[in-house]
Amino acid sequence: MTNAIWHRESISKEDLAKLPSETFEGQIYVIQTITEAQKAVCALKDCKLLGFDTETKPSRFKGDVHNISLIQLSTDSFCFLFRILNVEILHLVKLVLEDENILKIGLSLKDDFRGLNKTGHFNPQNFIELQTYVKDFGIKDNGLSKIYANIFNKRISKRQRLSNWEADFLTNEQKKYAALDAWATRRIFTELENFKNKNNYIPKQEG
C-alpha cells in the first residue's frame with residue numbers, strides 16, 4: 001500500500017513469533033477500594049480518548065463460569081486496572097463506560113459487553129470496535145497482537161491471558177499484560193487516525 005504506515009495487511013503466527021515484544025512504559029494503578037475508584041473515575045472523566053479491555057478468570061472445566069473480574073482503562077501514559085468483583089467499584093466504572101463524551105476503543109467488544117451485562121444493567125456509549133475500524137485501512141487480521149504487529153512491527157505477548165484474574169494479588173506480569181492490552185487499542189486507533197488526517201486518507205468502504 002502506497003504511503004501506508006503499516007508494515008503488512010496480515011501476519012502469520014510464525015512471523016509474529018519472531019518480532020520483538022512490546023511493553024507498556026506508563027504508570028499502572030490497581031484499583032481495589034471505593035475511595036480509589038472514586039478518584040480514578042474522577043480523573044478519567046477529564047479524558048477524551050481511552051483504551052478499553054477486560055479480563056476474566058479462565059474456565060478450567062465444563063460449568064466453571066466466571067464473571068469479568070478486571071476492567072482496564074488506559075490513556076497514553078497511565079492505565080487503571082479496576083478489580084470489579086466489588087460491585088460498588090463496578091458501578092463507578094460504568095459511569096465512564098456509559099459516558100457519551102468519552103471515546104473508548106476496544107476489541108471484541110461484543111464479548112465484553114455480554115460479560116458486563118451479566119453483572120447488571122449496562123448501557124455502553126461511544127465505543128469503537130477496533131476489528132471493524134482497521135478493516136477500513138486494509139488490515140485483515142482480527143486479533144489484537146496481529147493487528148498491532150501489522151502496524152508497529154512488534155508483538156503483544158498473550159502469555160498471561162489465562163492466568164487467575166481473581167487472585168488476591170495480581171502479579172507484576174499480570175498488571176503489565178492487562179495495561180498493555182488496553183493501551184495498545186488506543187495506540188492503534190490514534191496511529192491510524194493520525195495517518196488518515198495527515199494524508200487525507202479515505203477509508204475503504206464495503207460494497
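**Salt bridges**

Guide: Lys140 and Glu9 form a salt bridge, with 3.5 Å between their closest N and O atoms. Lys140 sits in the loop between helix H5 (130–135) and H6, and Glu9 in the segment before helix H1 (13–17), so this pair ties together parts that lie 131 residues apart in sequence. The model is predicted. Lys140 is exposed, its relative accessible area being 55%, while Glu9 is partly exposed at 28%.

The structure holds eight salt bridges. Another of them joins Lys45 to Asp99, where the closest N and O atoms are 3.0 Å apart. This pair also links distant parts of the chain: Lys45 belongs to the loop between helix H2 (34–44) and S2, Asp99 to the loop between helix H3 (87–97) and strand S5 (103–106), and the two are 54 residues apart. Lys45 has a relative accessibility of 36% and counts as partly exposed. Asp99 has a relative accessible area of 12%, so it falls under the 20% limit for buried.

Lys158 and Asp181 form a further salt bridge, with their closest N and O atoms 3.1 Å apart. Lys158 lies in the loop between H6 and H7, and Asp181 in helix H7, 23 residues apart. Lys158 is partly exposed at 34% relative accessibility, whereas Asp181 is buried at 3%.

There is also a network of salt bridges, which links Glu22, Lys154 and Arg187.

The largest pocket holds about 750 Å³ of space. Its lining has 29 residues, and Asp53, Thr54, Glu55, Asp112 and Arg161 are the closest to the centre. Eleven of the lining residues are charged, nine polar and nine nonpolar.

As for covalent links between cysteines, a search of the whole structure finds zero disulfides. The sulfur of Cys42 is 10 Å from the closest cysteine sulfur, that of Cys47, which is too far for a bond. For Cys79 the closest cysteine sulfur is also in Cys47, at 11 Å, again too far for a bond.

How values were computed
Residues numbered from 1 in each chain as written. Predicted model: local features only at pLDDT ≥ 70, side-chain atom pairs only at ≥ 80, totals over all residues. Heavy atoms only, no water. Disulfide = S-S within 2.5 Å. 1 Å grid on protein atoms, 1.4 Å probe; cavity = no way out; pocket = protein on both sides within 12 Å on 5 of 7 lines; lining within 4 Å. Points joined across faces, edges and corners; volume = space filled by probe spheres on them. Nonpolar A, V, L, I, M, F, W, Y, C, P; charged D, E, K, R; others polar. Salt bridge = Lys/Arg side-chain N within 4 Å of Asp/Glu carboxyl O. Helix = DSSP H or I, 4+ residues; strand = E, 2+ residues; numbered from the N terminus. Buried < 20%, exposed > 50% of the residue type's maximum accessible area, 1.4 Å probe, protein only.
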